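The sequence and structure come before the text.

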Amino acid sequence: MSAVRLRGARIGYGDVAVVQGVDLTVADGEAVAVLGSNGSGKTTLARGLLGLATVLGGEVEVLGAPVGRPRERGRIGYVPQRHTVSGAVPATVREVVGVGRLARLGPFGRLRPADRAAVQDAVAAVGLADRLGDPVASLSGGQQRRVLVARALAAEPELLVMDEPTAGVDAASQDALAAVLADVSATGTTLLVVTHETAALAGVLTRAVVVDHGRIAYDGPLAGAAADAGAGGHHHPEGTGLPPSRGYRQDQPRVTTDGGR
Amino acid sequence: MEVLEYDFMQRALLASLMVGLVAPAVGVFLVQRRLSLLGDGLGHVALTGVAIGVLTSTAPVGTALVAAVLGAVLIELVRARGRTSGDVALAVLFYGGIAGGVVLLSLAPRGQATNLEAYLFGAITTTTTADVAVFGVITVVVLGVVWLLGSRLYAVSDDEEYARAVGLPVLALNVVLAALVAATVVLSMRVVGLLLISALMIVPSAVAQQLARSFRQTVYLACAIGLVTSVAGTTASYYTGTPSGGTIVLLAIGLFLLATAVVALREATARRRHRRRAEVHAAHPHEHGAGCGHPAVPHGDHVDYHHDGHLHAPHRTGAGVHYDEHGEHAAPPAGTGGRA
């Protein structure tokens, strides 16, 4: 079975298609980078798989079922692009990550000891084991992003979709994320990572899908996509202000930049 | 106590006890969802329900409940269709409800009890035994649903997009929450009045969220605050002769101001201390780093440097690097090359 299967997919918002004519099959257990410049449609493509953008035409199947139809719950993990945990009311790391388990439990199920253990494991995996009972608002921006990663991991998903997990995160946290994703990938979870830059996750992601103007411009090994990008095949029309992650890493080797505390 | 000698006051206190407990238990989710005014809008819709009850000589509590629940479901469906129009949908509901209520009440035949003020501002001492029974049922049902679905309601209120992505029944949960709000509105109608209902849902939560560390704590604390202010306000109104609704809400707002002041004071003190410590070490001769001579101590997601008996966390701001104090720690292990 394939984790993701798109045939002539048109995805967008309202009546406006952002992504058109996309054919894409991702096999179970693959680790795929979805690349593209701002506005290329890469995020819309991912959101279409999650039911957050509208499928306007073609076929979009996720884990064997068409998007939008009821499916077995709790099989998808999602890390949104949002940098921080919002919410007006305080919540602890344990509570936020606990939400990741809920979808698995059916409409009225409560967290059991096994679920609590999974929450603890997920929080430990992102290196925040000692902050389990702390309010999320007391964490730095980078740590809050890791809480959102832990929330997705707690679901023990078959398909994990992440939107720009490395953007605005310091080098140490990027490396930590790469290690976590390598572990997740090793358990057979399918990874789909929407990103600008692949340097930090190059050891984990093996296949690249480059989206350009709402269509797939490249689909093949990650190394090929990087070369393609280097030759100007994947452009950054507005991306001039972004330092490449390697340079960022060398400039600031000692200082954590993930927000004040 | 004198206040307990009268049957009408016993009923009033019982009603205020139930309202004080239930309104914040539902209100916390509205605050989390940044939909604090939903209760207000549904209160206005309930007025139309009250008017229909008066016109048809049915119990106004029942018709208000039906109208508020219908309004609640309607607004969730509108929000689900075009999510940006939620604000306008609320406004239409708001004004349509109160306009409908006023117009319909004016059509009531002469001689019919149409005490508009009693519904708008509450008339707790007119609570009948039958009302108390209905309120009891509403209280048990609302608290039961919150107990059963609380974690899911939290999930949807906290991050609707995530909940949708992982397959939680978002629309159903939103409708359930809106229905809970509607039920709470009707429950609170007698005690605080339709115009002040939202306050009893929101203000206790606004106090609690400043003091609590977790969502669960916030819910419990908000319920406790709601219970105390509701019962205390009702009792006070008996002695002062003021309307119960306004008295309760003013009491809750007083607590809110107090909590806000305490928290602001605490934060100002912490900031001052932070600045003082930062000044001490502003004249650092070097940036801490590998080989700077100060032992490095891993601390959570970063590295602290041991320096003069305390830990420094490098912390980059717009003005350059400064050092946060990260607590007194044990002396570094011998032989790490420290010159602290």
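## Chain A overview

What percentage of the 261 residues in chain A is buried? Buried residues make up 50% of chain A, where buried requires 20 or more other C-beta atoms, placed from the backbone, within 10 Å of a residue's own. This is a predicted model, in which local features need pLDDT of at least 70, side-chain atom pairs count only at pLDDT 80 or more, and totals for chains, interfaces and linings use all residues. Residues are numbered from 1 along each chain as its sequence is written, while chains are lettered from A and ligands numbered from 1 in the order in which they are written.

Chain A has seven helices and ten strands, taken as DSSP runs (H or I, at least four residues; E, at least two) numbered from the N terminus.

## The four-stranded sheet

In chain A, an open antiparallel sheet has the strand order E2-E1-E4-E5; pairing requires at least two DSSP bridges between two strands. Strands E2 (16-27) and E5 (65-66) of chain A are at the edges with a single partner strand each, so one side of each has no neighbour in the sheet.

Seven bridges join E1 (residues 2-13) to E4 (residues 54-62) in chain A. Leu6(A) is opposite Val60(A) in E4(A).

## The nonpolar core

The largest nonpolar core holds 165 residues; such a core is a set of buried Ala, Val, Leu, Ile, Met, Phe, Trp, Tyr and Cys residues joined through C-beta atoms within 7 Å. Helix H8 (residues 170-192) of chain B supplies its largest share, 16 residues.

Among the members touching the most others are Val34(A) and Ala182(B). Leaving aside residues up to four places away in sequence, Ala182(B) touches residues including Leu42(B), Leu65(B) and Ala68(B), contact meaning C-beta atoms, placed from the backbone, within 7 Å.

Note on methods
Buried ≥ 20, exposed ≤ 12 C-beta atoms within 10 Å, placed from the backbone. Contact = placed C-beta atoms within 7 Å.
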